[in-house]
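Here is a quick tour for anyone opening this one up for the first time. Have a look around, then read on.

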Amino acid sequence: MKTYLVTGGAGFIGSNFVHYMLNKYSKDIKIVNFDKLTYAGNLENLKEIEDRTNYTFVQGDVCDKELVEKLFKKYDFDYVVNFAAESHVDRSIKEPEIFVKTNVLGTVNLLNCAKNAWETQNGFKNGAKFLQVSTDEVYGSLGESGYFVETTPIDSHSPYASSKAASDLMVKAYSDTYKMPINITRCSNNYGAYQFPEKLIPLLINNCLHHEDLPVYGDGLNIRDWLYVEDHCKAIDMVIESGRLGEVYNIGGHNEKTNILIVNSIISYLNENVDKEITQDLIKHVADRLGHDRRYGIDPTKIKDELGWYPETTFEVGIKRTIQWYLDNKKWMKNVTTGEYQKYYKNMYKGV
Ligand code: NAD
Ligand code: TYD
């Protein structure tokens, strides 16, 4: 039986991954979810599985050497899947330091603890692997044509992307220097259930349902390559199982949309199905994000050819499923948008 240390498993993608893995493998794996529970971490995301005997939650910081060492001793992990991060570009522009602390120093602490626990006289613990969940944002921004491949040079722009690039390079260093068994995955923008409503899609859904302005940065023509979160979880599982050691895998797949198209799709779905008063009048063009990357687009050929993965969920299907999840989980949304959230977002758009 394999034991997984999943960091950041109370966040958006991490909690989807915990659900995906426990549904797929049932009692054949053990998961320890290690999460600091920042504003983005939410144990409500895990309610359905929290009583499983092969699932444990531990609250803590990835920078805490003593605690992480203790966990390695206690659970003898086979895999580390590192989702824990500060993940929002706008926050990184305001407060870069915490991004360096969690994303860079936290990753190095995890790498060190894994190395110390896994190193043997003849290499590393058999079958062990450290999987770093990274982002296509480390590659920078594309022009009108071309795609990111795994060999595209790192050219990160935002403090968030640069902190992820720095942590990727540390993971690579542990592979190159100590021959530590690792993979790095770089995915495009995820969407789906349990995403905190600071990111574009849940923020738009929440604001629509409250008839609040829909802030569109700049001209709204920036492009993101949208990936349904369950397709992403499936890819991570495949990379853990079969990814070649030391390799990077890009995860995404020709699902590029302008931001304004996303806004209009959400408005039209809600207008037709929920409330006729949700219209384009809610759209508000606001000042552009500093250093706003224009376009992301992933070429997924490597993961498709080597591991047989492809994104199964079309945007049309995924966005309907996602909107419906938020409609069915209004209490979840209410719980994460009270108190601090209100204050933060008032400041965010002040003066625009
Ligand atoms: P998220 O912000 O929803 O969740 C992050 C989780 O990490 C939270 O549960 C938080 O409590 C936890 N965390 C933060 N600091 C921590 C610390 N110091 N110690 C322990 N736990 C801590 O993020 P997400 O959207 O689920 O992203 C997960 C990972 O995927 C991140 O590494 C992110 O960079 C990467 N990623 C996300 C996207 C996306 O579209 N969301 C795209 C590409 C890559
Ligand atoms: P976001 O969800 O923050 O993801 P990322 O910046 O990591 O790609 O933003 C997605 C796109 O939507 C990005 O081009 C910025 C834009 N955006 C808006 O136009 N308005 C918003 O309120 C937000 C949060 C994002």
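Let's start with asparagine 259: one of its polar side-chain atoms sits 2.9 Å from an oxygen atom of ligand 2. Keep in mind that this is a predicted model.

| Residue | Distance from a polar side-chain atom to an oxygen atom of ligand 2 |
|---|---|
| Asparagine 259 | 2.9 Å |

How much of ligand 2 does the protein bury? On its own, the ligand exposes 510 Å², and the protein buries 97% of that. Two elements each give two or more residues to the shell around ligand 2: α6, spanning 200–209, and β10, spanning 214–217. Of these, β10 supplies the largest share of the shell, with 3 residues.

Now for the shell as a whole. Ligand 2 is surrounded by 18 residues, and the closest are Glu137, Pro215, Arg224, Arg289 and His292. Sorted by class, the shell has 8 nonpolar residues, along with 5 polar and 5 charged ones.

Moving on to a pair of helices, α4 covers residues 96–118 and α5 covers residues 159–178. How do they pack? Their axes lie 8 Å apart, at an angle of about 15°. Angles under 35 degrees count as roughly parallel, so α4 and α5 are roughly parallel to each other. As for handedness, the crossing of α4 and α5 is right-handed.

Notes. Residues numbered from 1 in each chain as written. Chains lettered and ligands numbered in written order. Predicted model: local features only at pLDDT ≥ 70, side-chain atom pairs only at ≥ 80, totals over all residues. Heavy atoms only, no water. Near = heavy atom within 4 Å. Polar contact = N/O pair within 3.5 Å; in protein donor to acceptor, adjacent residues only side chain to side chain. Areas by Shrake-Rupley, 256 points an atom, 1.4 Å probe, with all protein chains shown as cover. Helix = DSSP H or I, 4+ residues; strand = E, 2+ residues; numbered from the N terminus. Nonpolar A, V, L, I, M, F, W, Y, C, P; charged D, E, K, R; others polar. Axes fitted to C-alpha atoms, helices over the stretch in contact; angles between N-to-C directions. Parallel < 35°, antiparallel > 145°, perpendicular 65-115°, else oblique. Left-handed = near helix turned anticlockwise from the far one by under 90°.
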